[in-house]
Amino acid sequence: MDVKIEQAGYEINEPVIQDISFDVRAGEILGVIGSNGAGKTTTIACLTGTIPWMKGTVEMERYAFIPEQPVYYDYLTLSEHIALVQELTGIDSTEKTEELLQLFRLEHVTDRYLSSFSKGMKQKAMILLALIQEARVLIVDEPFIGLDATTTIQLLRLLEAERTRGQVSY
């Protein structure tokens with residue numbers, strides 16, 4: 001992933017971020033650290049193309065995004081969300097999906113609406129939906145918020161295993 005952001009903001013005349021440039025190669029992890037309001041989430045919005053007021057370039061292979069606040073369709077079950085991701089990506093990730101459902105202890109709630117899930121369960125669902133996409137780059141915004149200690153450890157191990165195989169960058 002090659003990123004060069006010259007200027008980004010909520011209006012191009014009011015820059016929030018200036019002069020950011022970095023590269024992330026396969027298997028590398030890049031962390032962005034800063035105080036609240038420093039522009040970390042705005043930078044992610046530039047990376048994912050959800051902020052239109054940006055000058056510069058972002059070049060990356062297929063990516064998946066795990067947002068800080070879960071984003072989902074109120075009237076789709078977890079199974080339907082999984083099917084939607086598989087349809088949109090063209091990837092049959094049945095085996096990986098089953099492993100992740102078991103790892104995150106979600107296998108018994110696949111027929112439930114995500115809107116009925118606890119905050120931690122919603123976050124687990126977002127992580128699962130991102131990981132089944134077989135993305136080359138995983139963009140994560142505050143991934144541990146709402147997760148219990150056991151799931152946090154499992155997620156760290158899972159991400160390290162993916163990174164070690166050089167399959168994904170963060």
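What follows is a friendly tour of the charged pairs and of a strand beside them in the sequence.

Modeller: Happy to! Please keep in mind that this is a predicted model. Let us begin with the general idea: side chains of opposite charge can pair when their charged atoms come close. In this structure you will find 3 salt bridges.

Take Glu 61 and Arg 136 to start with. Their closest N and O atoms are 3.5 Å apart, and the two form a salt bridge. Glu 61 sits in the loop between strand E3 (54-59) and strand E4 (63-66), while Arg 136 sits in the loop between helix H4 (119-131) and strand E5 (137-140), so this pair ties together parts that are 75 residues apart in sequence. Arg 136 has a relative accessible area of 26%, which means it counts as partly exposed.

Now look at Asp 148, which has a salt bridge with Arg 105, again with 3.5 Å between the closest N and O atoms. Arg 105 belongs to the loop between helix H3 (94-103) and H4, and Asp 148 to the loop between E5 and helix H5 (149-164), so parts that are 43 residues apart in sequence are tied together. Both partners are partly exposed: Arg 105 has a relative accessible area of 43%, and Asp 148 has 31%.

Asp 148 also meets the side chain of Lys 124 in a salt bridge, at 3.7 Å from N to O. Because Lys 124 lies in helix H4 and Asp 148 in the loop between E5 and H5, this pair links parts that are 24 residues apart in sequence. Is Lys 124 buried or exposed? Lys 124 is buried, with a relative accessible area of 7%; the cut-off for buried is under 20%. Through shared partners, the salt bridges join Arg 105, Lys 124 and Asp 148 into one network.

Finally, let us turn to strand E4. E4 and E5 run parallel and are joined by 4 bridges. In E4, Ala 64 and Ile 66 make up the covered face, and Tyr 63 and Phe 65 the uncovered one.

Conventions. Residues numbered from 1 in each chain as written. Predicted model: local features only at pLDDT ≥ 70, side-chain atom pairs only at ≥ 80, totals over all residues. Heavy atoms only, no water. Salt bridge = Lys/Arg side-chain N within 4 Å of Asp/Glu carboxyl O. Helix = DSSP H or I, 4+ residues; strand = E, 2+ residues; numbered from the N terminus. Buried < 20%, exposed > 50% of the residue type's maximum accessible area, 1.4 Å probe, protein only. Pairing = 2+ DSSP bridges.
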